[in-house]
Amino acid sequence: MNDRRLTTLRLLSLVGALFTALVIMAGAFTRLLDAGLGCPDWPGCYGALVVPDASSALLHSPDAPLEASKAWMEMIHRYLAGCLGVMVMALLVLAWPRRRKPGFPWRLMLMLFAALMVQGAFGAYTVTLKLWPQVVTLHLLGGLTVMTLFIWLHLRLRRVAKGEAELAVRPLGALMGVATMLLVLQLALGGWTSSNYAGIACQGFPTCNSQWVPDTDWGEGFHLTQTVGPNYLHGALHAEARTTIHLAHRLGALALTLALALVVIRRWHRREMRPWLLTLAGATALQVALGIANVLLWLPLGLALLHTAGAVLLVFSFTLVAWKQRHSRQAVKGRQRQTRGGWLHA
């Protein structure tokens, strides 16, 4: 592979990561505008590739009156997701000649392609299952997974360009493993809170509805095997169940914040990691502040959208810290001292 093609791959992977973040934000904006069912079918809108006029929409779906602004928001989100698919296909085509080269991240590209296909299925089911919270939550996690894979791919391609593709890496360690699990759990809780419209189920902070221990219903709040209903727009759970979900999201935020603080403190002695650790600490503090502000100000549209952006930034910064942990100069020196066993390969 010539340098020009490798440079193109690196650029495309970086653009893909940033573009995925844009698609995630467009999806969040669509949900916040209650436009998730702006088009009652998929992949078209009332049977068309563009939003039709009201009479055509009525003929196609008499039970789903057209709201043009919401339909267009939903279709813009789909168009952006389609562009993302084109980017991944372009990556695969450009990388095909290099696929068998040692150290080249071809399998990572295939993982990215597979993740995007699954994400597309979640997008379809989000509409056809009428915003079923389980699917909506998985759709959010899928988008963040695609973004993370793009970031990791870009960093791997940078190693290839520097001739470092075969260098060994160090394990992330138990603390980073726990932090990773808590981050995924908290992102899932955020999606579950949003898809069940529980964002303001707890009023006030730090108490919830003026109570430290409010009335809850954990069984109903996290009943993951519920049947698919006719429509989950605006949620279908009673107040105590939504309070439970919101409270769990707060507790998850506390646990994650403590874990990330420990990551920053434990890794601070490594000077090459400090810029990324500062970014992670800032993203964590920002996300906590946005969460509190959303509760106190009753979830205004702009702040709610920023809270999603904060989650994207948190994942971005955590991924960079994880990469630096695995690929620092100390890891390379450790490999030179290591005589056997143990190193994980990127």
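Q: How do I read the packing of helix 6 and helix 10, and what are the angle and the distance between their axes?
A: Two packed helices are described by the angle between their axes and the distance between the axes. In this predicted model, helix 6 and helix 10 (residues 301–327) pack at about 165°, and their axes lie 12 Å apart. Helices here are DSSP runs of H or I with at least four residues, numbered from the N terminus. The axes are lines fitted to C-alpha atoms over the stretch in contact, and angles run from 0 to 180 degrees between N-to-C directions.

Q: Are helix 6 and helix 10 roughly parallel or roughly antiparallel?
A: Angles under 35 degrees count as roughly parallel, over 145 as roughly antiparallel, 65 to 115 as roughly perpendicular, and the rest as oblique. Helix 6 and helix 10 are therefore roughly antiparallel. Their crossing is left-handed, a term used if the near helix is turned anticlockwise from the far one by less than a right angle (clockwise would be right-handed).

Q: What about helix 6 and helix 8?
A: Helix 8 covers residues 239–267, and its axis comes within 9 Å of the helix 6 axis, crossing at roughly 155°. Helix 6 and helix 8 are therefore roughly antiparallel, and this crossing is left-handed.

Q: Which residues can I look at in helix 6, and is M176 buried or exposed?
A: Buried means under 20% relative accessible area, exposed means over 50%, and partly exposed is in between (1.4 Å probe, protein chains only). M176 lies in helix 6 and is buried because its relative accessible area is 0%. G190 is also in helix 6, which spans residues 174–195, but G190 counts as partly exposed because its value is 21%.

Q: How many salt bridges does the structure hold?
A: Side chains of opposite charge can pair when their charged atoms come close. The cut-off here is a side-chain nitrogen of Lys or Arg within 4 Å of a carboxyl oxygen of Asp or Glu. By that rule, the structure holds three salt bridges. One of them joins R78 and E74 at 3.0 Å, N to O. Both residues sit in helix 3, four residues apart, or about one turn of the helix, and both are buried.

Q: Which other residues pair up, and are they buried or partly exposed?
A: E67 and K70 meet at 3.6 Å, N to O. E67 is partly exposed because its relative accessible area is 44%, and K70 is partly exposed too, at 23%. E272 and R270 also meet at 3.6 Å, N to O. E272 counts as buried because its value is 15%, and R270 is buried at 2%.

Q: Which residues form the nonpolar patch on the surface?
A: A nonpolar patch joins Val, Leu, Ile, Met, Phe, Trp or Tyr side chains within 5 Å, using residues with over 30% relative accessible area and no salt bridge; like charges are joined within 9 Å. Here the patch is L49, V50, W72, I76 and Y79, with about 490 Å² of accessible area together. Such areas come from the Shrake-Rupley method with a 1.4 Å probe, and only the protein chains shown count as cover. Y79 is found in helix 3, residues 68–95, and is partly exposed because its relative accessible area is 34%.

Q: What should I know about the numbering and the model?
A: Residues are numbered from 1 along each chain as its sequence is written, and side-chain values use heavy atoms, leaving out hydrogens and water. Since this is a predicted model, local features need pLDDT of at least 70 and side-chain atom pairs count only at pLDDT 80 or more, while totals for chains, interfaces and linings use all residues.

Definitions and conventions. Helices (H or I, at least four residues) and strands (E, at least two) are DSSP runs, numbered from the N terminus.
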